[in-house]
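Please work through each task before reading its solution.

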Amino acid sequence: MQQLILIFLGAALVNNVVLSRSLGICPFIGVSKQLKPSVGMGAAVTVVLTISAAATFALYNFVLEPLNITFLYIIVFIFVIAGLVQLVEMVLKKYSQPLYKSLGIYLPLITTNCAVLGIVMLNVSMYSDSLLTSIIHAFGSGAGFTLALVLFAGIRERMDANKGVPESLRGLPITMIVAGLMSIAFFGFAGMII
Amino acid sequence: MKKTDFSLVRKGILDDNPVYSHALALCPVLAVTVTAINGLGMGLATLAVMLASCLLVSLLRKVIPSQVRIPILILICASFATVVRFALQAYFPALDDALGIFIALIAVNCIIMARMESFAMKNSPLNTTFDAIGMGLGFTLALFLIGFVRELLGSGTILGGLITLPEAFPRTAVMTLPPGGFFVLGFLIFGFVKFRNRFLSGDSKKPPVKPKGGCASKACTMDCGEGGAPCNS
C-alpha cells in the first residue's frame with residue numbers, strides 16, 4: 001500500500017509528466033489560457049490515461065506477448081487510445097450530458113496526445129508486471145498533468161493581463177520562461193521522496 | 001501550387017519553421033535537446049519518418065477515402081516510426097538510449113500529422129518531398145540550436161566534447177534539466193521572431209509573427225486529435 005502511494009506521489013509531483021518528463025507540452029501550452037478549460041482538459045486526460053493504462057496492460061500481456069508481436073506495440077497502442085477516446089465520448093454523451101458538455105470538446109484532442117501514449121509506453125518498460133501499479137502510475141501522472149495545467153493557467157490568466165511584460169517577449173516566449181520557472185519549483189518535490 | 005517548388009524547402013526552414021513560428025511538437029523539442037548531437041539525431045529521425053510518410057500519403061492520396069483518412073495517416077506514420085526505431089536500435093544503440101521513448105513518440109508527432117493532412121493529401125509527390133525535407137530540416141535545425149545552447153551553457157562543451165571550454169566558464173546545471181529547455185526555447189523563439197520581422201518580413205510581406213498557442217489550440221485541433229482544421233496549411 002505504501003509503495004502504491006509512493007508511486008502515485010512520484011508520478012504526480014516528482015516525475016511530473018509535463019514539467020519533468022516533457023510529455024504533453026502541447027495541451028499544457030495550448031489549453032492553459034484560462035482556468036476553466038484547463039480543469040476540463042486535465043480531467044479528460046486523467047480519465048483516458050487511467051483507462052488506457054488498464055487496456056494496454058491487458059493487451060500487451062495477454063495478446064501481444066503470447067503472439068510474440070510486441071514490436072507492433074506503438075501502432076496497437078495508438079489505436080487502442082483512439083478507440084478508447086471514442087468510447088469514453090460515446091458513454092459520456094449517452095449517460096452524462098453535463099459532463100459531456102464540459103469534457104467532450106477536449107476528448108478528441110487527446111487521441112494522439114503524447115502524454116497518454118508516453119505514459120502507457122513507460123508502463124510497459126517500468127511496471128509491466130502489475131496491473132494495479134500500472135493504473136496507479138497512470139492515474140498519478142494524470143493528476144500531475146492536471147495539477148501543472150491548472151496552476152499554469154492560473155499564472156497565465158494574471159500574466160496575460162499584466163502590461164508590464166516587454167512587448168517582444170509577449171506570447172510564447174514569456175509563456176515558456178514561466179513554464180521553466182514552474183518546472184524549477186517542481187524540482188523541490190524531488191527531495192520529498194527518495 | 002502546381003509547379004515544382006524549391007522554395008518549399010526554404011519555407012519550412014525559415015518562414016514557417018514548425019518549432020519557432022508554430023510551436024508544434026514541443027515535447028521532443030524540450031525533452032531530448034540536452035546536447036546538440038541528441039537534438040540532431042532526433043531531428044534526422046523525425047525527418048526520415050516525415051519524408052517516408054508524406055511521400056507514401058502523397059502517392060496514395062487519390063485512393064485514401066477522406067472519411068477514414070485520419071486512422072490511415074496515423075497507421076502510416078506509426079509504421080514508419082516503428083521502422084526507424086528498430087533501425088536506430090540496430091545501428092545507433094547509444095543514440096536510441098539517449099532519446100528513449102521519444103523515438104517511439106515520433107508516431108504522434110504533430111508536425112508529421114499536420115504535413116500529411118494539410119500538404120501531402122493535396123500535392124504531388126515531388127512537391128511533398130520538398131515540403132517534407134524543408135519542414136524536417138527546419139525541425140532538425142530548431143532542435144540542434146536548442147541542444148547547442150543548452151549543452152554550451154549546461155555542461156560547457158560543444159558538440160559532445162569536441163571542444164571543452166575552460167574551467168573558468170561557468171556551468172549552469174539547470175540548463176541540462178527540463179527547466180533549461182523551457183528557458184532556451186523561450187529566448188530562441190523571441191530571437192527568431194525578432195530576426196524574422198527584421199530580415200524576412202520585407203519579401204514575404206506577412207504581418208509580424210504571432211506565435212500560435214501550440215498544437216492543442218483551437219486553430220489546429222487536427223494534430224492532437226481528429227477533425228478540426230488542418231494546422232498550418
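**Exercise 1: a pair in chain B**

R115(B) and D131(B) are both buried, where buried means under 20% relative accessible area, exposed over 50% and partly exposed in between (1.4 Å probe, protein chains only). The model is predicted: local features need pLDDT of at least 70, side-chain atom pairs count only at pLDDT 80 or more, and totals for chains, interfaces and linings use all residues. Residues are numbered from 1 along each chain as its sequence is written, chains are lettered from A and ligands numbered from 1 in the order in which they are written, and side-chain values use heavy atoms, with hydrogens and water left out.

Task: State what R115(B) forms with D131(B).

Solution. 
1. R115(B) forms a salt bridge with D131(B), the closest N and O atoms lying 3.0 Å apart. The term denotes a side-chain nitrogen of Lys or Arg within 4 Å of a carboxyl oxygen of Asp or Glu.
2. R115(B) belongs to helix α7 of chain B and D131(B) to helix α8 (residues 125-155), so distant parts of the chain, 16 residues apart, are linked; helices (H or I, at least four residues) are DSSP runs numbered from the N terminus.

**Exercise 2: a second pair**

Task: Determine which side chain meets that of E117(B) in a salt bridge.

Solution. 
1. The partner is R69(B), at 2.9 Å, N to O.
2. Because E117(B) lies in helix α7 (residues 110-120) and R69(B) in helix α4 (residues 69-91) of chain B, the pair ties together parts 48 residues apart in sequence.
3. E117(B) is buried at 7% relative accessibility, whereas R69(B) is partly exposed at 22%.

Definitions and conventions: Helix = DSSP H or I, 4+ residues; strand = E, 2+ residues; numbered from the N terminus.
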